[in-house]
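Here's a quick briefing to read with the model open beside you.

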Amino acid sequence: MKNVNELITYLQEKESFVLAIDGMCASGKTTLAKRISEELDCIVFHIDDFYLPKDKRTQTRLKQPAGHIDYERFEETVLKPISNKQEVHYQPYLCSTMTYSSTITSIAYHPRIIIEGSYSLYPTLLPYYTDIITLRIKSELQKERLLKRNPNRINQFLEKWIPLEEYYFSYYQIFDNHPTLFIE
């Protein structure tokens, strides 16, 4: 795919798909998922709803690339039901309070699914996807977008989240192994 329009045209021709959108923070993953969803009538699941809860955050786990994501729960509660054409039920994890949401999200099966978020290409999740796209962004533009979006947390992104992403991208060769759109 050379651009977003080509991706949408390609997906439009498919009756069903499970598209994973991974990539750098502030590269436009959520915006792309929303655009595709609106144009093609899709359901979007966000990896951010599946951060690892406090009680599972061991040093060993957190040293793993993408170790702070509860990919086991994501596979069990979202991907397996989708692959069996079943309704999905899950409790989003709220990073702001480090607790699960008090409500359970229930979503009827839909043939067009988008999985959005960094770490969505964790190896055990790959077999569930029919299509994959990754997004890259120049570091200057990334910082500019992060500063606009989260001015009080820019240092946290620069010192913690971006290095964690870069470790994951490098370890699993995300951009080498999957189609990539460069955002400028």
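For the helix angles below, axes are lines fitted to C-alpha atoms over the stretch in contact, and angles run from 0 to 180 degrees between N-to-C directions. Bear in mind that this is a predicted model. With that in hand, helix 5 and helix 6 have axes that come within 11 Å and cross at roughly 130°.

**Helix 5 against helix 6**

- Angles from 65 to 115 degrees count as roughly perpendicular and those over 145 as roughly antiparallel, so helix 5 and helix 6 end up oblique to each other.
- As for handedness, helix 5 and helix 6 make a right-handed crossing.
- Helix 5 brings Gln-142, Lys-143, Leu-146 and Leu-147 to the contact, while helix 6 brings Ile-154, Phe-157, Leu-158, Ile-162 and Glu-165.
- Sorted by type, the residues in this contact of helix 5 with helix 6 are six nonpolar, one polar and two charged.
- Gln-142, which sits in helix 5 (residues 139-149), has 3% relative accessibility and therefore counts as buried, the cut-off being under 20%.

**Helix 1 against helix 2**

- The axes of helix 1 (residues 4-12) and helix 2 (residues 29-40) come within 11 Å, crossing at roughly 40°.
- Helix 1 and helix 2 are therefore oblique to each other too, and their crossing is right-handed.
- On the helix 1 side, the contact uses Val-4, Asn-5, Leu-7, Ile-8, Leu-11 and Gln-12; on the helix 2 side, Leu-32, Arg-35, Ile-36, Glu-39 and Leu-40.
- Those residues of the helix 1 and helix 2 contact split into seven nonpolar, two polar and two charged.
- Leu-7 belongs to helix 1 and is buried, with a relative accessible area of 3%.
- Leu-7 and Ile-36 are 29 residues apart along the chain, and their C-alpha atoms are separated by 9.0 Å.

**The nonpolar core**

- How many residues does the largest nonpolar core have? The count is 55 residues, and those with the most contacts inside it are Ile-21, Ile-36, Phe-45, Phe-74, Ile-115 and Tyr-129.
- Helix 6 (residues 154-171) supplies the largest share of this core, with six residues.
- Ile-21 touches several residues beyond four places away in sequence, among them Leu-32, Ala-33, Ile-36, Ile-114, Ile-115, Ile-133 and Leu-135.
- Other partners of Ile-21 include Lys-29, Glu-116, Gly-117 and Ser-120.

- Val-88 is in strand 3 (residues 88-90) and is buried, at a relative accessible area of 2%.
- Leaving out residues up to four places away in sequence, Val-88 touches Phe-45, Thr-77, Val-78, Pro-81, Ile-82, Thr-105, Ser-106 and Ile-107.
- His-178 is found in the loop between helix 7 (174-177) and strand 9 (180-183).
- Is His-178 buried or exposed? His-178 is buried, with a relative accessible area of 15%.
- Apart from neighbours within four places in sequence, His-178 is in contact with Leu-121, Leu-126, Ile-132 and Thr-134.

Key: Residues are numbered from 1 along each chain as its sequence is written. This is a predicted model: local features need pLDDT of at least 70, side-chain atom pairs count only at pLDDT 80 or more; totals for chains, interfaces and linings use all residues. Side-chain values use heavy atoms; hydrogens and water are left out. Helices (H or I, at least four residues) and strands (E, at least two) are DSSP runs, numbered from the N terminus. Angles under 35 degrees count as roughly parallel, over 145 as roughly antiparallel, 65 to 115 as roughly perpendicular and the rest as oblique. A crossing is left-handed if the near helix is turned anticlockwise from the far one by less than a right angle, and right-handed if clockwise. Contact means heavy atoms within 4.5 Å. Ala, Val, Leu, Ile, Met, Phe, Trp, Tyr, Cys and Pro count as nonpolar, Asp, Glu, Lys and Arg as charged, and the others, Gly among them, as polar. Buried means under 20% relative accessible area, exposed over 50%, partly exposed in between (1.4 Å probe, protein chains only). A nonpolar core is a set of buried Ala, Val, Leu, Ile, Met, Phe, Trp, Tyr and Cys residues joined through side-chain atoms within 4.5 Å.
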